[in-house]
Amino acid sequence: MELFSILLIMVIVATFVLSGFFLSSSWTTTPKTMEHIPGSLGWPAVGESFSFISDFSNPSGIYSFVKERQQRYGKVFKTFALGRYTVFMTGREASKILLTGKDGMVSLNLFYTGQQVLGPTSLLQTSGEAHKRLRRLIAEPLSVDGLKKYFQFINTLAIETLDQWPGRRVLVLEEASTFTLKVIGNMIMSLEPTGEEQEKFRANFKLISSSFASLPLKLPGTAFNRGIKARDRMYAMLNSMISGRRSGKSFQQDFLESLIIKHSKTGDTDDTEDKLTDKQLKDNILTLLVAGHDTTTAALTWFIKFLEENPAVLEQLGKEHLEIQANRKDSANLTWSEVNKMPYTAKVISETLRKATILPWFSRKAAEDFEINGCKIKKGWSVNLDVVSIHHDPEIFPNPEKFDPSRFDAPVKSFSFLGFGSGPRMCPGINLAKLEISIFIHHLVCKYKWTPLEKDDSVQPTLVRMPKNKYPVVVEPL
């Protein structure tokens, strides 16, 4: 292994070990209380972190780490990795309990740095009735009907982005990142896709995003400290926007405006339920920025990569989009009604999310004692649902390594496909992600062909699975 890779693994392990120490005072999990759970806690201090990170970076990712231990210990096993005593579990039963169990059984389990950057009133840090309320307020603008007003912006941006691709080396991951960030920035706060304000916004966002997997040390020059400062600058930008909207100096039909209107409601109890504090406004706008960027960026990149690797799928997808284009009478541009008539595209999106499994595990914290597969889980324990094993279960998805969108010709078994999660914490941006990908892919397959410059299936050692080489391609017009 190269020296750089070794150093990178050591840094990541140290990052999460220290993150674990920051949280250890609130844990009830100790090696003694976990004695009845099969598995190994590995070496002192680092546990199995080196094996976890090493496997996490290879083409099969966390699946190889988990599969080896499942074969040895069963569907439920313990480990100590990334600074945490953790119970890993897989299967549809575990999925049902952890994702749709009775209210209050488990809560989201963020690392210390994520907790500090996102803020205490973030949707990702609330539970119970507070979570339901926030989710209801956030979900409305992200509904299918709510997204209609952003369709034209997304469509135009996709065309402009792709027009710049021919004749140069394109890193698809970086291009997808810029595209999705511009979309979410415009939706939330009406940011124009170019200009000084956009550049400041993107620079701050990158610092915030990179701080999630950093050492939890708020010292000058550290990634965590830079992330906190970037978040404060982002909040200052939002404060200025909120002040301008309330004073009547500006008005935009965007997500921020809808939340400000809800915040400003007065009167009866029902209206009070819709009010948000400024802290809640800012924490949850930042949450949507983070959640709406990384996963969609990764999904779009994997989609394009898998298309090129599977010519038969690309051919069938191309037929669907060229037929849409050929049937167009009055307009040369994609329309809202057309984007909702792409059944094969929807299947390819689902198969992309299954095969890539962008979020390889869902981390939860037990809020009460419960039992699963004969193992008693104690309140306070960190419990990870292994999504990769569920998505690669040959009993549910035969020949799971094959990219086959026809798997979704009929509904799959409940709790066996978790591309957008499930239950109370199912991704609220599911409709937006599908819309962005469908629009972008329509213009890509109708006008261009692409060739990868490298054959590399390895992934970045990050919480969201992305191609390590950023998928470099050259693009030509059809």
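In what order do the strands of the open sheet of 3 strands lie? The order is S4-S10-S9, with antiparallel pairing; strands here are DSSP runs of E with at least two residues, helices are runs of H or I with at least four, both numbered from the N terminus, and two strands pair if DSSP finds at least two bridges between them. The model is predicted, so local features need pLDDT of at least 70 and side-chain atom pairs pLDDT 80 or more, while totals for chains, interfaces and linings use all residues. Residues are numbered from 1 along each chain as its sequence is written, and side-chain values use heavy atoms, leaving out hydrogens and water.

Strands S4 (169-171) and S9 (448-452) form the edges, each pairing on one side only. S9 is joined to S10 (residues 472-477) by 5 bridges, and Pro452 has Val473 in S10 as its bridge partner. Helix H19 (residues 430-447) lies across S9 and S10, at about 90° to S9; such angles run from 0 to 180 degrees between N-to-C directions, with axes fitted to C-alpha atoms, for helices over the stretch in contact.

Turning to a loop residue, Gly39 is found between helix H1 (3-23) and helix H2 (49-56). Gly39 is partly exposed, with a relative accessible area of 23% (buried is under 20%, exposed over 50%, partly exposed in between, using a 1.4 Å probe and protein chains only). Leaving aside residues up to four places away in sequence, Gly39 touches Tyr73, Phe77 and Lys78, contact meaning heavy atoms within 4.5 Å. The C-alpha atoms of Gly39 and Arg72 are separated by 8.2 Å, at 33 residues apart along the chain.
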